[in-house]
Amino acid sequence: MRFTLRILILTLFCLYAVFKVTEIWPSHVQLDAFFTILCFFLMNSWIFIYHAKPTLVDKPWFMLFAWSGSTVMGLWATFILLSIPVDVVLLIYYLLPNHSAGLYAIARQLNFSIVLLSIMIVIFGYIEVLRGPKIKAININVPDLPVALQNFKIAQLSDLHIGPTIRRKYIEKIVRRTNTLKPNIVVLTGDIADANAVDITLDLQPLQDLSNTNGKYYVTGNHEYYWDPVGLMDAIKHLGFEVLVNDNRIIHMDDAKILVAGIPDTIGGKFLAGHTPNVVQAVQCDEATDFKILLAHRPEFCIEAEKVGFNLQFSGHTHGGQFFPFNFLVSMAHQYYRKLNKHGRLWLYVNPGTGYWGPANRFGIPAEITLLTLRKS
């Protein structure tokens with residue numbers, strides 16, 4: 001039923017796209033329909049083909065196919081999302097009595113403007129991707145923070161989505177920029193890849209070179225389970241990360257102790273035994289600790305995390321919307337979808353993604369490497 005529903009939704013969006021294109025070029029309806037369906041096929045088929053045969057990830061022709069398809073996807077999605085509210089307003093105006101006879105001409109001009117705006121968003125969003133992730137440095141003030149934890153630095157990476165369009169060079173750029181921060185620990189909060197581990201061994205390799213003083217820690221996101229959760233977890237372990245599955249590690253800093261805990265993604269239990277997220281289990285420890293950090297791919301775990309005594313949570317998943325205007329939709333779907341937030345006594349930081357998914361577009365929502373520093377208030 002889910003598959004049928006998805007096909008139905010895609011069909012409706014395709015028909016809407018055909019309608020929009022015929023509004024712009026009304027004299028070539030059949031050609032408009034053919035062109036639109038062709039673009040729709042291009043932006044969706046590469047995903048289905050890749051899921052069916054992930055070993056294509058290194059094939060030059062498939063990489064070109066994936067780049068083309070994802071770019072068209074970004075352009076189409078932006079155009080549609082900008083068009084819908086305009087069409088709603090035009091429809092309301094059309095239903096009014098004595099509406100202007102020139103409404104069609106106005107609609108056509110608006111469609112041309114939306115096309116141009118969508119192209120600009122795609123171009124500048126792609127340029128933002130080429131620049132690589134920006135470093136976002138923030139401080140949080142913690143009452144009664146032990147002296148040994150003053151200026152403790154945490155670098156967060158999230159949602160790398162290594163796959164057809166994010167490869168080794170992009171990961172090397174991330175590692176170089178992260179290493180300049182000289183963090184105490186590095187945390188990676190899920191969605192490391194859209195691939196099987198065996199097919200992206202060389203692309204994962206630079207993560208081994210992430211420098212730190214007190215360890216590297218990783219939790220799964222939802223995308224690992226769509227592909228190769230066991231293989232990816234094994235691969236990340238070999239790169240020096242501690243994989244946290246409803247458990248924790250204690251970091252000793254002179255006479256102070258930090259607990260770093262992690263839970264799997266919400267869907268984990270459907271794929272692997274023991275991967276149902278359990279915040280209560282993750283915080284359990286025989287030692288008294290001075291500061292507790294939770295790594296959870298999805299931000300909504302902050303509600304449970306605050307109740308069991310965590311001081312700080314790192315999450316990802318939302319991509320912050322990834323690019324305009326999707327950020328507005330994501331902000332409506334998530335209570336906390338980006339940046340630093342305070343939920344009761346808990347600090348929550350939601351990384352907008354160090355990589356991207358689908359379209360190589362970061363217009364208005366740049367990819368990010370987060371550096372969070374603990375300070376005594």
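Predicted model: local features only at pLDDT ≥ 70, side-chain atom pairs only at ≥ 80, totals over all residues.
Four bridges join strand β2 to strand β12 (residues 368-376), and these two strands run antiparallel. Between β2 and β3 the chain passes through helix α5 (residues 168-179), which gives a β-α-β crossover of right-handed sense. As for solvent cover, β2 itself, spanning residues 153-157, is mostly covered, with four of its five residues buried.

| Partner of β2 | Sense | Bridges |
|---|---|---|
| β12 (residues 368-376) | antiparallel | four bridges |

Turning to the whole chain, the protein has 11 helices and 12 strands. Its radius of gyration is 23 Å, close to the 21 Å that the globule rule gives for 377 residues, so the protein is as compact as a globular protein of that length. The C-alpha trace spans about 80 × 50 × 40 Å along the principal axes.

Of the 377 residues, 54% count as buried, while the protein exposes about 17800 Å², of which carbon and sulfur atoms supply 64%. Where contacts between residues at least 6 apart in sequence are considered, 76% of them join residues at least 24 apart.

Key
Residues numbered from 1 in each chain as written. Heavy atoms only, no water. Buried < 20%, exposed > 50% of the residue type's maximum accessible area, 1.4 Å probe, protein only. Pairing = 2+ DSSP bridges. Right-handed = clockwise from strand over helix to strand, strands pointing away. Rg over C-alpha atoms; globule rule 2.2 N^0.38 Å. Contact = heavy atoms within 4.5 Å. Areas by Shrake-Rupley, 256 points an atom, 1.4 Å probe, with all protein chains shown as cover.
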